[in-house]
Amino acid sequence: MVGSGLSNQTGAAIGSLAFPVLGPLGVVAVRQYVAALVLLAVGRPRLRTFTWRQWQPVLLLAVVFGTMNLSLYTAIDRVGLGLAVTLEFLGPLTVALAAARRRVDACCAVIAAAGAVTLMRPRPSTDYVGLGLGLLAAVCWASYILLNRTVGRRVPGAQGSAAAAGVSAVLFLPVGVVLVLRQPPTASAVGCAVAAGVLSSAVPYLADLFTLRRVPAQAFGLFMSVNPVLAAFVGLVGLGQRPGWAEWAGIGAVVAANALSILCGDR
């Protein structure tokens with residue numbers, strides 16, 4: 001779980017190093033290609049057997065998958081890794097709290113909202129576009145969770161997720177062609193983008209697959225809540241992004257809300 005979390009955030013940090021050459025759009029395009037290669041190799045979808053009822057959620061998942069990564073990486077470029085990942089994390093937290101009816105979950109929602117308000121408080125240097133993109137990534141992640149449930153019910157195994165990753169990669173193919181024709185990217189920039197794809201897609205996917213066979217879902221979900229802290233730490237050490245005390249407090253509030261909800265949940 002530690003390796004998966006650190007790999008995911010380190011991949012995003014390394015990918016951001018290619019922003020000056022490829023931009024967030026180019027980095028995300030390469031990441032989508034890598035994710036598609038990994039998931040297609042693992043899932044091996046039989047696309048010809050898919051019915052339209054199966055294709056509908058798969059196509060929606062492909063669009064959401066690409067939009068989620070693009071909005072997140074653009075937010076990272078504008079507001080930093082820790083803040084962008086924390087805002088994105090509000091998506092799955094909202095999905096978890098929306099289905100609950102306990103008082104403790106209402107308290108968790110208030111704590112998370114307080115953290116979000118702290119992170120998004122108006123300041124002269126506030127990048128509202130970056131914050132909005134972080135929230136868009138949160139909406140996409142929540143949609144990604146709900147669509148994955150539908151795809152899982154309609155398509156056997158990992159075939160649905162693999163097909164969605166493949167379609168998403170195809171949608172980003174024109175981006176790669178335009179980038180290469182307009183200005184051939186440097187080898188180092190492509191290397192950073194590929195590393196982002198491997199570390200943020202392939203490694204976490206395979207690590208989580210093995211982890212969930214050995215670790216209870218509750219413990220896994222609890223550790224997942226630490227990802228915003230890992231993102232802030234990687235941004236601090238690897239990119240020199242220094243969150244202030246208010247930002248650390250906001251990140252801590254979002255993490256605490258998720259942890260409290262899981263710890264007080266039904267076993």
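Trainee: Leaving aside neighbours within four places in sequence, which residues is alanine 165 in contact with?

Mentor: Contact means heavy atoms within 4.5 Å. By that rule, alanine 165 is in contact with Ala35, Ala36, Leu39 and Phe65, leaving aside neighbours within four places in sequence. One caution. This is a predicted model, where local features need pLDDT of at least 70 and side-chain atom pairs count only at pLDDT 80 or more, while totals for chains, interfaces and linings use all residues. Residues are numbered from 1 along each chain as its sequence is written, and side-chain values use heavy atoms, with hydrogens and water left out.

Trainee: Where is alanine 165 found?

Mentor: Helices are DSSP runs (H or I, at least four residues), numbered from the N terminus. Alanine 165 is in helix 7, residues 159–182.

Trainee: Is alanine 165 buried or exposed?

Mentor: Buried means under 20% relative accessible area, exposed means over 50%, and partly exposed is in between (1.4 Å probe, protein chains only). Alanine 165 has a relative accessible area of 1%, so it is buried.

Trainee: How many aromatic pairs are found in the whole structure?

Mentor: Rings of Phe, Tyr and Trp (its six-membered ring) pair if their centres lie within 6.5 Å. Planes under 30 degrees apart count as stacked, over 60 as edge-to-face, and the rest as tilted. A search of the whole structure finds four pairs. One of them joins phenylalanine 19 and tyrosine 73: edge-to-face, 6.3 Å centre to centre, 70° between the planes. Phenylalanine 19 lies in helix 2 (residues 19–43) and tyrosine 73 in helix 3 (residues 52–79), so the pair ties together parts that are 54 residues apart in sequence. Both residues are buried.

Trainee: Why is the pair of phenylalanine 50 and tryptophan 55 tilted?

Mentor: The ring planes of phenylalanine 50 and tryptophan 55 stand at 55°, with centres 5.2 Å apart, so this pair is tilted.

Trainee: Is serine 71 buried or exposed?

Mentor: Serine 71 sits in helix 3. Its relative accessibility is 4%, so serine 71 counts as buried.

Conventions. Helix = DSSP H or I, 4+ residues; strand = E, 2+ residues; numbered from the N terminus.
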